Amino acid sequence: GPEFLFPPHHPGDAWHYAVHLVQSFVARYWWQGDAAAAHIRNTLEHMPHTLLLRLPAAGQEDAEWVSIDETGVPTAAKQRGPLSLAAAVARSAKVVVLASATQILLAEPELPPGSAVKLARAVPFALEEQLTEDIDQLCFALGRRQTGGRTPVAVVARNVLQGWISSLIGAGVEPYAVYADIALIPENPGQTVLWLEGARLAVRRPGMLPFAVELTPVSDALAVAGVIPDPLEETSEPKALESAILYATREDWARVQDEFARLADKFASLKVQLLPEGPLPWLARNLAATDAVNLLQGEFARSTDYGERWRRWRTAVLLAAALLVVHVAAAALEIHRANRATAALDTEIAQVFSQAMPTEAMQDARRQMQSRLERIRRSGPGPEYFLRTLEALSGATSAMPNTIIDTLSYREQ
């Protein structure tokens with residue numbers, strides 16, 4: 001059986017314990033499918049990732065999730081377990097949730113041009129023929145307006161959406177977006193894409209929204225979806241046969257293989273693609289290119305996660321703050337040095353002034369000394385005045401040996 005090297009405590013707390021795991025929980029063949037082991041490996045990753053999480057189907061308790069990179073390629077094996085276990089992996093990821101499309105109506109009505117608020121008000125009236133519940137009990141989410149003037153819309157009961165969000169938040173998972181699972185079915189320009197899962201058949205034709213039919217046997221589901229001719233429907237012209245590609249797990253294909261064999265002549269061509277790891281990794285590959293409608297709009301819009309933003313920009317902010325501190329400290333040091341040099345120069349000037357004019361109080365040393373020299377120069381001609389000037393200058397420079405005389409001139413008048 002599996003043996004633990006160290007007690008893992010809680011799989012969401014990989015790094016803040018004094019003792020860290022040095023290996024995965026168990027040997028390689030044991031940790032395949034172990035969600036906790038996948039989280040320990042994920043904690044070592046430094047690149048941000050997206051967690052694609054599929055909510056439990058009706059009557060089930062376990063969710064499914066897979067970590068993917070920006071291209072939709074899984075970075076770890078698909079995991080399965082309760083939402084509380086998925087929350088451990090979701091701490092460092094952007095969580096995109098897939099909900100069952102059996103409880104979501106996808107439509108593409110033609111709405112008049114206008115603001116988002118105006119479109120939101122017009123949607124219930126544009127879809128009133130397709131709705132069976134009171135519009136006050138429904139939530140309407142809008143996608144990007146298409147080039148043909150149609151706008152993708154997703155409709156779900158308010159209490160259903162509230163239940164999904166409450167389950168996620170209660171387990172510690174904050175969803176970034178909630179999509180209908182069939183919205184991630186990749187579109188094939190030359191074939192009708194079929195996805196069979198249990199009793200549900202999802203259909204996506206080129207250039208059209210996907211839809212799902214939950215009906216058994218599969219031949220009835222195909223007829224109701226219009227994929228094959230309905231034997232009970234009488235038409236003057238036979239229905240054109242469709243080329244289709246069917247995606248299913250090994251278990252589902254084994255269950256319906258004989259039935260599809262009998263329906264082979266109802267298709268122009270039929271290819272079967274098995275999903276050995278289930279549909280989630282297959283759906284994940286279309287996440288980056290999807291135009292699916294996010295149900296988290298209006299009152300359910302995701303609030304700004306300032307904590308996540310701080311964690312994302314924390315390193316850059318701290319580096320910028322450190323650079324600012326260094327810059328301010330360097331500027332303060334330069335100012336301090338300049339102040340000391342200024343004080344030293346003021347002291348030297350005061351000493352020179354006191355040597356040259358000991359009887360006068362210093363106010364503006366330069367102006368006072370220039371005035372004295374001017375008076376000496378004008379007091380009378382003769383070399384004796386020049387000698388007096390040299391005597392005063394010599395006494396001042398001898399007191400300050402660092403004084404340099406740039407220019408000295410004398411002219412008799």
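I'll start with the overall picture. The model is a prediction, and the protein in it has eleven helices and 13 strands. There are 413 residues, and buried ones make up 35% of them.

Now to the open sheet. Three strands form it, in the order β5-β7-β6, and the pairing is antiparallel. Which strands stand at the edges here? They are β5, residues 104-107, and β6, residues 138-142. Each has a single partner strand, so one side of each is left without a neighbour in the sheet. Neighbouring strands of this sheet are turned by 20 degrees against each other on average, with direction ignored.

If you want to look at one pairing in detail, take β6 and β7. Strand β7 covers residues 153-157, and five bridges join it to β6 in the antiparallel sense. Within that pairing, L142 has V153 in β7 as its bridge partner.

Two helices pack on this sheet. Helix α4, residues 116-126, touches β6 and β7, and its direction makes about 125 degrees with that of β6. Helix α5, residues 158-170, touches β5, β6 and β7. The direction of α5 makes about 85 degrees with that of β7.

β10 runs over residues 200-204, and five of its five residues are buried. Please look at the side chains there. R200, A202 and R204 point one way, L201 and V203 point the other way, and all are buried. So the two arginines in that list, R200 and R204, count as buried, which here takes a relative accessible area under 20%.

β10 has an antiparallel partner in β9, residues 192-197, through five bridges. Opposite R204 in β10 you will find V193. The hairpin of β9 and β10 has two residues between the strands, and G198 there takes a positive phi near 65 degrees.

β10 also pairs with β11, residues 211-214, again antiparallel, this time through four bridges. A202 has A212 in β11 as its bridge partner. β10 and β11 form a hairpin as well, with six residues between them. In that turn, G207 has a positive phi of about 75 degrees.

That leaves the salt bridges. How many does the structure hold? The count is twelve, and I'll go through three of them.

I'll begin with R54 and D181, where the closest N and O atoms are 3.2 Å apart. R54 lies in strand β1, residues 49-54, while D181 sits in the loop between β8, residues 175-180, and β9, so the pair ties together parts that are 127 residues apart in sequence. Are these two buried or exposed? R54 counts as buried because its relative accessibility is 11%, and D181 is buried too, at 1%.

Another one is E242 with K239, and there the closest N and O atoms are 3.1 Å apart. E242 is buried, with a relative accessible area of 12%, whereas K239 is partly exposed at 33%.

The remaining one on my list joins D252 and R255, at 3.1 Å from N to O. Both residues lie in helix α7, residues 250-262, three residues apart, which is about one turn of the helix. D252 counts as buried at 10% relative accessibility, and R255 counts as partly exposed at 46%.

Finally, there is a network. Salt bridges that share partners join R54, D181, E197 and R200 into one network. Residue E197 falls within the range of β9, residues 192-197.

That is where I'll stop.

Definitions and conventions:
Residues are numbered from 1 along each chain as its sequence is written. This is a predicted model: local features need pLDDT of at least 70, side-chain atom pairs count only at pLDDT 80 or more; totals for chains, interfaces and linings use all residues. Side-chain values use heavy atoms; hydrogens and water are left out. Buried means under 20% relative accessible area, exposed over 50%, partly exposed in between (1.4 Å probe, protein chains only). Two strands pair if DSSP finds at least two bridges between them. A salt bridge is a side-chain nitrogen of Lys or Arg within 4 Å of a carboxyl oxygen of Asp or Glu. Axes are lines fitted to C-alpha atoms, for helices over the stretch in contact, and angles run from 0 to 180 degrees between N-to-C directions. Contact means heavy atoms within 4.5 Å.
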